[in-house]
Amino acid sequence: MATTISSTVTRPEPQALKRAIDALAARFGNRLVTSQAVREQHAHTTTWLPTQPPDAVVMAQETADIQDVVRICAANRVPVIAFGTGTSLEGQVNAPAGGICIDLRDMNKVLEVHAEDLDCVIQPGVTRKALNEHLRDQGLFFPIDPGADASLGGMTSTRASGTNAVRYGTMRENVLALKVVRGDGEIITTGTRAKKSSAGYDLTHLFVGAEGTLGIISELTIRLRGIPDTIAAAACSFDTVRGACQATILAIQTGIPVARIELLNAAQVKACNSYSKLSLPETPLLLLEFHGSEVEVAEQSKNFRDIAAECGGGDFTWTTKPEDRTKLWQARHDAYWSVKALRPGDSIGVVATDVCVPISRLADCVTETEDDLKRLNLLSPIVGHVGDGNFHCSLLCDVNDKDEMARGEEFMHRLVERAQAMDGTCTGEHGIGQGKQKYLQAELGPEALDAMRALKHALDPQNIFNPGKIVPAA
């Protein structure tokens, strides 16, 4: 699916861009790449937004590389876009004004692990799976799991969360400190390894979720957790989405420490059955995970089974076998690809979008969303991290069908308006990027946008850091 994104930025002067690329070529040699294929790989390719490639890509290997790119680009007023693994969903890595992409994947070292303090220091290109593989022998893990094997720098920049957020929080709660390259190439240190601090402005959380618009993260200090003694996965089918949502609400309100609780509506279960070769009942489903001791996990499972029965839940099955747990959660993580397989074809696009509402409004929001899909005759399976009120729609549309595209646009707009009317947000974890800028003013008000613009101007007066993202033009 393609759409037009209005740009609030202008391209640099051609001679300035040439000077910057020449200087970067002299500094980085063959680590500066200008081929069309590589540049397009470093633009947005995941969902419906048009691809807007940078003019060149630099493969960074250390903090000094980031600093030198920023200094050269600042001297020539050329945009700089940080790139982790490219899994963001709202155009965060697009280059609407061209410029230089800094690929951080080679900055993938775990620098320090402090097992006794439950924290570690890493470079931004370390991926979630690689970090947990590194930590496993020490009995530790990093709990934030957005599904994709994203880089920790990218997850921090988009304030990612995922399936474990109901128990372990989001990136916001799990980043202790950052080192950030600012607009003049110097380093800002935002905090320490202390678990709390009252020292000055909270700069760490200013950069968490800034989507690379205020500076480029070169180092992270993050919280770790001990691997639980026992982990159990569970599945429970329901007659209705409302019943599944009500069970979720009761589980959270009664204090069951669920680690994961994911909703799949009937359409999504059908897609997962086909793609992942499962045989789940094709009705609304909750997938859960419980962490703790063997006794705690058994108690948590029993308590949730009782709640589910009160809300119309059917058979409740749970397992502690790693291979069974992995099969269930891999199917959940493959939800995007399972949806894509429902309607193959070059002209069929998948629009992945999310909203988040207070958990007391979750059932209303999901059921009204399903009603909208029926009214508009659209196919969009729903999955959600429903323990914190966040759910995702994967809308399938034929880009060559103008009527279907118009109905798709109407659906997405109504989805956001509905969430905001319920005191929710236009995005729980995908971020703003380019795609959701138009909803910020309704959600936060013009004064908040003015404050964001003031922060952007103070930290990036030349507007070189990922321009055209998050805050729309005044």
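Colleague: Are D354 and K436 buried or exposed?
Modeller: This is a predicted model. In it, D354 is buried, and K436 is buried too.

Colleague: What do their side chains do?
Modeller: They meet in a salt bridge, 3.8 Å from N to O. D354 sits in strand β16 (residues 348-356), while K436 is in the loop between α15 (402-421) and α16 (440-444), so the pair ties together parts 82 residues apart in sequence.

Colleague: How many salt bridges are there?
Modeller: The count is 32. One of them joins R172 and E173, at 2.7 Å from N to O. R172 is partly exposed at 46% relative accessibility, and E173 is partly exposed at 31%.

Colleague: Which residues form a network?
Modeller: R27, R31, D65, D68, R71 and E186 are linked by salt bridges. Within that, D68 pairs with R71, with the closest N and O atoms 3.7 Å apart.

Colleague: Where are D68 and R71 relative to each other in the helix?
Modeller: They are three residues apart in α3, so about one helical turn separates them. An α-helix has 3.6 residues a turn, so residues three or four places apart point the same way. D68 is partly exposed at 22%, and so is R71 at 33%.

Colleague: What about the rest of α3? Which residues are buried?
Modeller: D65, I66, Q67, V69, V70, I72, C73, A74 and N76.

Colleague: What span should α3 have?
Modeller: 20 Å, for 14 residues (63-76) at 1.5 Å a residue. The end C-alpha atoms are 20 Å apart, which agrees. R77 follows the helix, with a positive phi near 55 degrees.

Colleague: Which strands does α3 lie across?
Modeller: β8 (175-181), β9 and β10, at about 145 degrees to β10. Helix α4 (residues 128-135) also packs on the sheet, touching β5, β6 and β10. The direction of α4 makes about 50 degrees with that of β5.

Colleague: What is the strand order?
Modeller: β5-β6-β10-β8-β9, an open sheet of five strands with antiparallel pairing. β5 (110-114) and β9 (187-189) are at the edges with a single partner each, so one side of each has no neighbour in the sheet. Twist averages 15 degrees from one strand to the next.

Colleague: How many bridges join β6 to β10?
Modeller: Four, between residues 119-122 and 216-223. D119 has R223 as its bridge partner.

Notes
Residues numbered from 1 in each chain as written. Predicted model: local features only at pLDDT ≥ 70, side-chain atom pairs only at ≥ 80, totals over all residues. Heavy atoms only, no water. Helix = DSSP H or I, 4+ residues; strand = E, 2+ residues; numbered from the N terminus. Expected span 1.5 Å × (residues − 1). Buried < 20%, exposed > 50% of the residue type's maximum accessible area, 1.4 Å probe, protein only. Pairing = 2+ DSSP bridges. Axes fitted to C-alpha atoms, helices over the stretch in contact; angles between N-to-C directions. Contact = heavy atoms within 4.5 Å. Salt bridge = Lys/Arg side-chain N within 4 Å of Asp/Glu carboxyl O.
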